[in-house]
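Subject: Handing over the structure

Dear colleague,

I am passing this structure on to you, and I would be glad if you read through my notes with the model open beside them.

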Amino acid sequence: MGFRKHNNPPPKNMIGPRIMCLSKLIRQISNDAWSKQGLFSGQQDLIFILLKDEGITLNQLADKLEVSTATASVSVKRMEKSGFIIKKTDKSDARIVRLYPTEKAKASSEEVRRHMDSMEEILHKNLTEEQVLNLTDTLDTAIGNLFERSEKKC
């Protein structure tokens with residue numbers, strides 16, 4: 001994968017294809033790491049939210065994930081079945097169901113965090129700190145340029 005293996009790499013002044021290639025590589029490597037933990041892509045975000053805000057409701061979780069309640073519900077059900085989430089009825093209002101991470105979720109979050117740190121090390125390889133800061137500033141500018149055109153967030 002990557003432009004080194006392409007017969008026709010994009011011209012040097014094209015940013016989009018390079019970012020898309022980088023994103024695809026990161027996603028493929030990350031998805032492999034998540035699957036080793038029994039997680040699907042995106043579920044690591046759900047775990048990190050629950051670790052930070054134990055006992056939130058499904059609606060609050062959906063808001064934080066910026067997805068519909070129905071979408072969050074599917075992930076929660078899948079993760080509950082897999083042993084990552086426990087649902088508990090609120091002590092003061094039985095109509096409210098709260099979500100909590102299990103010990104399995106806590107352990108997997110540590111593995112996910114290690115993977116993310118490792119990925120950052122790989123991305124920083126052969127770059128000086130100044131190059132890293134310049135790259136992040138440049139990417140932030142490009143992201144801002146697209147935000148101006150769109151309501152979408154990453």
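This is a predicted model: local features need pLDDT of at least 70, side-chain atom pairs count only at pLDDT 80 or more; totals for chains, interfaces and linings use all residues.

Residues are numbered from 1 along each chain as its sequence is written, and side-chain values use heavy atoms, with hydrogens and water left out.

The largest nonpolar core has 16 residues, and those with the most contacts inside it are L39, L46, L61, M79, F84 and I85; such a core is a set of buried Ala, Val, Leu, Ile, Met, Phe, Trp, Tyr and Cys residues joined through side-chain atoms within 4.5 Å, where buried means under 20% relative accessible area, exposed over 50%, and partly exposed in between (1.4 Å probe, protein chains only). The elements that give two or more residues to this core are helix 1 (16-36), helix 2, helix 4 and helix 5 (103-124), and helix 2 gives the most, with four residues. Helices here are DSSP runs (H or I, at least four residues), numbered from the N terminus.

The second largest pocket is lined by 13 residues, of which S41, G42, Q43, L65 and S75 lie nearest its centre. On a 1 Å grid over the protein atoms alone, a pocket is an open set of points where a 1.4 Å probe fits, with protein on both sides within 12 Å along at least five of seven lines, and lining residues have an atom within 4 Å of a point. Helix 2 (43-52) and helix 4 (69-81) are the elements that give two or more residues to this lining, and helix 4 gives the most, with five residues.

As for the rings, the charged end of R78 sits over the ring of F40, 4.4 Å from its centre, and K104 lies over the face of F84, at 4.6 Å from the ring centre; this requires NZ of Lys or CZ of Arg within 6 Å of the ring centre and within 35 degrees of the ring normal.

Finally, T136 belongs to helix 6 (residues 129-149) and is partly exposed, with a relative accessible area of 34%. Q37, in the loop between helix 1 and helix 2, is also partly exposed, because its relative accessible area is 24%.

With best wishes
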